Amino acid sequence: MRNEHDRIVHPLQGRPNEFLHRLLDELKNAGYFPDCDDAALADFVGHCMNLTAKLAGALGSVARGWEPDAGMTIARLKRILTILNESLTASDRVPAKYLSSDRLLRFRSDLFALREEILALVARLRGGD
């Protein structure tokens, strides 16, 4: 798929990037970003940023049609799952004053859906699908 800058990105890279920008926009509009001293919120945002960057690194070449080693891509995706799980864990600690429970639930739902998509991609790369 192509992003808003007309760059080719893998869908698993594009959606988390949109998610991250939506999160940052909501926090900024509420006046909480970037000048927030809350460690739990900083952990959540930081893990989401890391997740987006790691997905770009793991899937950028795939999106451009190159055929990287499937084993290396699987290893990267498994490390990314660890970061995704850290994002989910950090989201549990975000105070409601920064994100309402409905908004936080939406973000968590997006992260869970992403995890399922990553697991499906790993299965395909292993030849299981």
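Start by selecting R106 and E26. They form a salt bridge, with the closest N and O atoms 2.4 Å apart. Now colour the helices. R106 sits in helix 4 (residues 101-125) and E26 in helix 1 (residues 11-29), so this pair ties together parts that are 80 residues apart in sequence. Keep in mind that the model is predicted.

Is E26 buried or exposed? E26 counts as buried, at 16% relative accessibility. R106 is partly exposed, with a relative accessible area of 34%.

Next, select D43 and R93. Here too there is a salt bridge, and its closest N and O atoms are 2.8 Å apart. D43 lies in helix 2 (residues 39-63), while R93 lies in the loop between helix 3 (70-91) and helix 4, so the pair ties together parts that are 50 residues apart in sequence. Show the surface. D43 is partly exposed, with a relative accessible area of 34%. R93 is partly exposed as well, at 43%.

D92 is in the loop between helix 3 and helix 4, R108 is in helix 4, and the pair links distant parts of the chain, 16 residues apart. D92 counts as exposed, at 56% relative accessibility.

Methods: Residues are numbered from 1 along each chain as its sequence is written. This is a predicted model: local features need pLDDT of at least 70, side-chain atom pairs count only at pLDDT 80 or more; totals for chains, interfaces and linings use all residues. Side-chain values use heavy atoms; hydrogens and water are left out. A salt bridge is a side-chain nitrogen of Lys or Arg within 4 Å of a carboxyl oxygen of Asp or Glu. Helices (H or I, at least four residues) and strands (E, at least two) are DSSP runs, numbered from the N terminus. Buried means under 20% relative accessible area, exposed over 50%, partly exposed in between (1.4 Å probe, protein chains only).
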